[in-house]
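Okay, thanks for coming, everyone.

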Amino acid sequence: AELPLALKRAKPFVEQVIAQKTGSLVGKSLALLEENYQLVSKISEIGQGETGEHFLLFNKLIPAITKAISLEQAIIEVVKIICTSTNWVVGEIWMPHENNLFLRMKHYWATDDRKLDKFIEYSRGFIFTSGEGMPGRIWISKKPEWENDVLKTSNSTFLQSKFAKEFDIRAAFGFPVL
């Protein structure tokens with residue numbers, strides 16, 4: 001006899017919880033759309049006046065970013081598109097970890113070449129502090145960096161240089177995503 005009365009009293013509470021969750025999801029969706037919009041706007045700005053290969057690359061990047069369900073997924077897609085468009089064999093995504101004290105490899109993209117697995121596992125073992133190695137320097141400077149031949153650089157400049165030769169990796173390029 002008390003169950004219908006209890007259900008009647010619980011109904012407004014349940015509706016309130018559902019409304020709060022819905023509001024939260026809408027807020028998160030709007031924030032994600034705003035992030036995507038800003039990223040696409042920035043890429044469009046960079047691509048103004050570009051022709052040829054650059055234009056084709058921008059046309060691949062924009063849909064991948066807008067379809068991504070998170071900023072992290074968008075970054076993964078950007079690295080994949082850049083690597084496949086430039087015939088690079090591996091791309092690594094280094095992100096701040098532990099209260100922004102250091103960088104750790106969060107994701108990677110690589111060709112199907114299984115011998116790269118060893119290089120990727122080696123890279124996973126690294127952490128970079130601010131200013132250390134290529135990822136740490138890019139993190140602190142907020143500017144892209146290019147190494148023409150990592151085999152000619154010191155270990156302190158490109159910490160993976162001793163493995164680069166084994167995997168026939170010659171050049172390295174890094175850019176910040178701000």
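**Salt bridges, cores and a patch**

Let's start with Arg 137, which counts as partly exposed because its relative accessibility is 21%; for us, buried means under 20% relative accessible area, exposed over 50%, and partly exposed in between, with a 1.4 Å probe and protein chains only. Before I go on: this is a predicted model, where local features need pLDDT of at least 70 and side-chain atom pairs count only at pLDDT 80 or more, while totals for chains, interfaces and linings use all residues. Residues are numbered from 1 along each chain as its sequence is written, and side-chain values use heavy atoms, leaving out hydrogens and water.

So what does Arg 137 pair with? Arg 137 makes a salt bridge with Glu 145, and the closest N and O atoms are 2.5 Å apart. By salt bridge I mean a side-chain nitrogen of Lys or Arg within 4 Å of a carboxyl oxygen of Asp or Glu. Glu 145 itself is buried, at a relative accessible area of 16%.

A search of the whole structure turns up 2 salt bridges. Glu 121 also forms one, with Arg 124, the closest N and O atoms being 3.5 Å apart. Both of those residues sit in helix H4, 3 residues apart, about one turn of the helix. Helices here are DSSP runs of H or I with at least four residues, strands are runs of E with at least two, and both are numbered from the N terminus. Glu 121 counts as exposed because its relative accessibility is 52%, and Arg 124 is partly exposed at 33%.

Stay on H4, residues 116-124, for Ser 123. Is Ser 123 buried or exposed? Buried, with a relative accessible area of 0%. Leaving aside residues up to four places away in sequence, Ser 123 touches Glu 92, Trp 94, Met 105 and Gln 160, a contact being heavy atoms within 4.5 Å.

Now the inside. The largest nonpolar core has 19 residues, and among those with the most contacts inside it are Val 90, Trp 94, Phe 119 and Ile 169. A nonpolar core is a set of buried Ala, Val, Leu, Ile, Met, Phe, Trp, Tyr and Cys residues joined through side-chain atoms within 4.5 Å. Strands E1 (90-97) and E2 (102-110), along with H4, H5 (133-141) and H6 (161-164), each give two or more residues to this core. There's a second, separate core of 8 residues, including Phe 58, Ala 68, Val 78 and Ile 81.

That brings up helix H3, residues 71-86, where Val 78 and Ile 81 are among the buried residues. H3 is followed by Asn 87, whose phi is positive, near 60°.

Trp 146, Phe 173, Phe 175 and Val 177 make a nonpolar surface patch of about 380 Å². Patch residues have over 30% relative accessible area and no salt bridge; like charges are joined within 9 Å, nonpolar side chains (Val, Leu, Ile, Met, Phe, Trp, Tyr) within 5 Å. Val 177 lies in the segment after strand E5 (172-174) and is partly exposed, at 45%.

To zoom out, the protein has 6 helices and 5 strands, and 29% of its 178 residues count as buried.

Conventions:
Areas by Shrake-Rupley, 256 points an atom, 1.4 Å probe, with all protein chains shown as cover.
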